Amino acid sequence: MDRPVPASLSHLSSRLRTAVRGQPVRLVFVGLLLLTASSSWFAESESSRGVATTAFLMTVVALKIHLVGMHFMELRYAPLALKLAFHGWIAVVWGLIVGFS
Amino acid sequence: MRVERSTSAYSPSSGTRVEAPEPRGRVSHVSDEGSHAPHVPGEVGVWVLVLGEMSMFGVFFAIFMDARAGDRELFARSQRHLNITIGLVNTIILLASSLFVVQAVQAVRAGGFGRASKFFTLALLCGLGFMGGKVLEYGEKLHAGISPVTDTFYMYYYVLTGIHALHVAVGMCVLAFLRKATRNSSRHPKIATVEACASYWHMVDVLWIVLFPLLYLI
């Protein structure tokens, strides 16, 4: 059954859509801040420094670098070879750090 | 106001590159609406430098993790003395600087060189803030008697953060150049030059995104 969307929610959704269309980099920036804060909070609350913790933190790092590369460095418009080289570096660094931990 | 780029435009209808003069104040392959043709941001040469620097740091990360695997207890004990708050604030400062640089590049594309200069100034201030945090952190450690010769962890800590800080300093010189170039009303920089310089600054941010958890969290 369809429910009417509250006016404030509809307004928020509309503003979010406008923000994404007009300045997606600002949304990416907010996402990067949230990922940074949440991973720091997770690392501080987690007493063990096992492989699983390292793998989780490095996955967040990989996601953050992907966002910076694609949206800030504008690699989403780059040729495939450059995108592959950049993401290959992310994968190698993830593998090295998790592998040695 | 003039934005120059030496590359060709891309024709979606024919799927081929068409040599065409760039319109004044705009870059044909990157419109405000977000329709983009494939291109290397900046210059190919700067990406050789960026990927080369990233590979060099990749080797440093591997050497650090190998040393850590040799003495986990020492690394964990020494890591507890690091100030996570300063590291976290520095991460936020560098992310903000990257956002300002993106907005400056967008302003240059739109022909708004005055706005671009303001964003480059903000990014430069963020760089100064990062360096200030680093000086504060080093001072705090040295005051507590923790130096590069204290133990293996701190040797790596000072070397890795020191080399990164050197890259931040180079990046700040690049930002200062862009700020000056965009303020100069008689001779504006080429968009490819602005993109290349911006890519270098983002690389500095990318390297810190790995260094922060590597040294402070993991």
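Predicted model: local features only at pLDDT ≥ 70, side-chain atom pairs only at ≥ 80, totals over all residues.
## The nonpolar core

B:Ala123 and its contact partner B:Ala104 are the residues with the most contacts inside the largest nonpolar core, a set of 77 residues. Chain A supplies two or more residues to this core from each of H2, H3 and H4. On the chain B side, such contributions come from helix H1 (44–70), helix H3 (84–109), helix H4 (113–143), helix H5 (152–183) and helix H6 (191–217). H6(B) provides the largest share, 20 residues.

## The contact between chains A and B

Between the two chains, 31 residues of chain A meet 35 residues of chain B. On the chain A side, helix H2 (24–45), helix H3 (51–72) and helix H4 (80–100) each give two or more residues. The greatest contribution is that of H2(A), with nine residues. Sorted by class, this side of chain A comprises 22 nonpolar, five polar and four charged residues.

## Packing of H2(A) against H3(B)

The axes of H2(A) and H3(B) lie 10 Å apart, and the helices pack at an angle of about 170°. Because angles over 145 degrees count as roughly antiparallel, H2(A) is roughly antiparallel to H3(B).

H2(A) takes part through A:Val25, A:Phe29, A:Leu32, A:Leu33, A:Thr36, A:Ser40 and A:Glu44. The residues contributed by H3(B) are B:Ile84, B:Leu88, B:Thr91, B:Ile92, B:Leu95, B:Leu99 and B:Val102. By class, the contact of these helices contains 10 nonpolar, three polar and one charged residues.

Methods:
Residues numbered from 1 in each chain as written. Chains lettered and ligands numbered in written order. Contact = placed C-beta atoms within 7 Å. Helix = DSSP H or I, 4+ residues; strand = E, 2+ residues; numbered from the N terminus. Nonpolar A, V, L, I, M, F, W, Y, C, P; charged D, E, K, R; others polar. Core = buried A, V, L, I, M, F, W, Y, C linked by C-beta atoms within 7 Å. Buried ≥ 20, exposed ≤ 12 C-beta atoms within 10 Å, placed from the backbone. Axes fitted to C-alpha atoms, helices over the stretch in contact; angles between N-to-C directions. Parallel < 35°, antiparallel > 145°, perpendicular 65-115°, else oblique.
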